[in-house]
Amino acid sequence: MSRSALVGNVTAMLEDAGFTVSDRCAIRPKSFDVAARRGRDLLLLKVLANVDAFDGATGLEMRRLGEYLNATPVVVGLRTRDEELEPGVVYFRHGVPVLSPDTAMELFVEGMSPLIYAAPGGLYVTIDGDVLRDEREERGWSLGRLAKELGVSRRTVSKYEDGMNASVEVALELEDMFEGDLTSPVDVLDGADEVREGDPTPDDPEPEDDDERIVTVLTRAGFEVHPTVRAPFKTVSEDNDSEENVLTGHSAFTKAAEKRARIMSSIGEVAQTRSVYFVDEAKRESVDGTGLVEREELEDIDDPDELRELIRERGKNPA
C-alpha cells in the first residue's frame, strides 16, 4: 500500500470514529500529516508504512507540538524493517506512541484501549496493583506465598502490587491463577505517560535568523512564542491574557505561502487556534481564515494591545 493511500485510510477511519480531521500537510518539511479532534481529544498523527523512518528530530517536534497545543502525538504504521506491528500493542519511537492500523481502529472506533506495550526486552502489561492485592488478601495469601506460586521474589510481587509492569507471560499466569482481569489499559490519549520511554518535553529550538524579528515582535506583544522546525507553521504563540494559541507563518506571499496558509487554517480549525501569516505584501486580509498581516503594517504598530487586537481580527476565530 502506498503511503498516500495509507494516510487516506487512516483519515477515513478517524472520520468514521467521529473525529474532525484537518487537510493533509502536503508540504515539506512536516512533522505530522493531519490533526484530528473529537471532543477534547486532539491528535497529531504521522502515518508511515515503515515506522523506522520516524526519526528523532521529528519525534522531538511532535512532542513539543503536543505540549504547545494540548494534543497527543501518535504514529500509525504498518511495520518496522524487520517485522509487522502486532495488533493490540503500543510501541514507541522517540517517546511517541506508535500503533498499527488495527490497534488504532480498536482504540478510536471501538473504544478498546490496548493492554500491551513494547519495551526493551519484550512485551509488557501494567498490573493493577490494587486489584492484585485485593485478590491475594481475599485468598489469605501472603506476599511470600504468591511469590512462590509465581517463582519470583517477594520483592517482585510487592512491586507488582505497587503498579510495576510485568511480562505478558506473568500477567497471563496471574490472571489464570485468580480467574480475572488484573491489567490496566495503556492510556494512549494521554500520551501513554505511565509507560512510555522518554524525557520531559524537549526545550524549544532557537528561532532561525529570519524568524527572530517576528518572534521578538510577538513576545513584546505579550505572547509566549514557541518556534517550530518541521511544522507547517513557524511558531505556536500563546496569548498570555486570553490563553488562546496562534499559529504563525511568514514569508513573501507566493503560491507556496498561500498553500501553507490554507493548511494552517485547516489545522487551526481542528486545533481550535487562530492562524496568522505575516507577508511582505498582500491584496487581501485572509486566506481561508488565516489572517494576512503585512510586515510594514506590523512594524508601524507600537502598542502591544493593538497588535494583539489585529491578530484577533484577521485570524479566524477558533471553533
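Phe178 is buried, with a relative accessible area of 5% (buried means under 20%, exposed over 50%, partly exposed in between, with a 1.4 Å probe and protein chains only). The model is predicted, so local features need pLDDT of at least 70 and side-chain atom pairs pLDDT 80 or more, whereas totals for chains, interfaces and linings use all residues. Residues are numbered from 1 along each chain as its sequence is written, and side-chain values use heavy atoms, without hydrogens and water.

Three aromatic pairs are counted, where ring centres of Phe, Tyr and Trp (its six-membered ring) must lie within 6.5 Å, and planes under 30 degrees apart count as stacked, over 60 as edge-to-face and the rest as tilted. Among them, Trp141 and Phe178 have ring centres 5.8 Å apart and planes at 55 degrees, so this pair is tilted. Because Trp141 lies in the loop between α4 (129-138) and α5, and Phe178 in helix α7, the pair ties together parts that are 37 residues apart in sequence; helices are DSSP runs (H or I, at least four residues) numbered from the N terminus. Trp141 is likewise buried, with a relative accessible area of 13%. The charged end of Arg139 sits over the ring of Trp141, 5.3 Å from its centre (CZ of Arg or NZ of Lys within 6 Å of the ring centre and within 35 degrees of the ring normal).

Phe178 also takes part in a helix contact: Leu146, Glu149 and Leu150 in α5 meet Glu173, Leu174, Met177 and Phe178 in α7, contact being heavy atoms within 4.5 Å.

Technical notes: Helices (H or I, at least four residues) and strands (E, at least two) are DSSP runs, numbered from the N terminus.
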